[in-house]
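Visitor: I would like to learn how to read the helix packing in a model like this one. Where should we begin?

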Amino acid sequence: MADDRETWTRISQGDADSFDAFYREHAPRLQVFLRQVTGNPQAAEDVVQETFTQIWSRPNGFQPERGTLRAYLYGIARKRAADWWRKQGPSDRGASVDQVSVCQTETVSIVGDAFRRLAEEQRTLLWLREVEGQSYAELAVILEIPVGTVRSRLFAAREALRRIWLSTR
């Protein structure tokens, strides 16, 4: 947490090198996460840029007592991705999913297919916990819900994934 405070202080003071280091460390994984959330590689890239632009241009939102800087970053990205989804029309949503499906036809696994069949909130939660390794406390900050709710929603998401998996066998 002390490193987060120091990093944030430097970014807040306009230290471009600190911001660049923070970006290089977190942008690649954030983009992978956002590809899962949006189902669209270009949208994921755009949301990553918007997220980091917000951090650089408005460096006053991070509160170390509420969680880690990484959790704060993912929280902003999650909100930006939700905004992106709201702006999509019904035909745009189907097109982006179809484009991803066509691009990945040869590499799609059964697990990946089952994962994509989950509700967006469940995919996001499982991805952040199981792939990104976010703690329950970090997830609570990112999703702005109590830790107990994180636990119950994770349980439900895992059960939904298990049911999908069993139905494909």
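Guide: Begin with the classes of angle: under 35 degrees counts as roughly parallel, over 145 as roughly antiparallel, 65 to 115 as roughly perpendicular, and the rest as oblique. The axes are lines fitted to C-alpha atoms, for helices over the stretch in contact, and angles run from 0 to 180 degrees between N-to-C directions. Here α3 and α4 pack at an angle of about 130°, with their axes 9 Å apart, and are therefore oblique to each other.

Visitor: What kind of model is this, and how are residues numbered?

Guide: This is a predicted model, in which local features need pLDDT of at least 70, side-chain atom pairs count only at pLDDT 80 or more, and totals for chains, interfaces and linings use all residues. Residues are numbered from 1 along each chain as its sequence is written, and side-chain values use heavy atoms, with hydrogens and water left out.

Visitor: How many helices and strands does the protein chain have?

Guide: Helices (H or I, at least four residues) and strands (E, at least two) are DSSP runs, numbered from the N terminus. The protein chain has nine helices and zero strands.

Visitor: Which residues of α3 and α4 meet?

Guide: Contact means heavy atoms within 4.5 Å. From α3, A43, V47, E50, T51, F52, Q54 and I55 meet Y72, L73, I76, A77, R80, A81 and W84 of α4.

Visitor: What span should helix α4 have?

Guide: The expected span of a helix is 1.5 Å times one less than its number of residues. For the 19 residues of α4 (residues 69–87) that gives 27 Å, and the end C-alpha atoms are 27 Å apart, which agrees.

Visitor: Which residues in α4 are buried?

Guide: Buried means under 20% relative accessible area, exposed over 50%, and partly exposed in between (1.4 Å probe, protein chains only). The buried residues of α4 are L69, R70, A71, Y72, L73, Y74, G75, I76, A77, A81, W84 and W85. Of the 169 residues of the protein chain, 39% count as buried.

Visitor: Which residues of the largest nonpolar core touch the most other members?

Guide: A nonpolar core is a set of buried Ala, Val, Leu, Ile, Met, Phe, Trp, Tyr and Cys residues joined through side-chain atoms within 4.5 Å. The largest has 43 residues, of which L30, F33, L34, F52 and I55 touch the most other members. Helix α4 gives the most to this core, with 10 residues. Leaving aside residues up to four places away in sequence, L30 touches V48, T51, F52, L73, Y74 and A77.

Visitor: Is E138 buried or exposed?

Guide: E138 has 12% relative accessibility, so E138 counts as buried. Its place is in helix α8.
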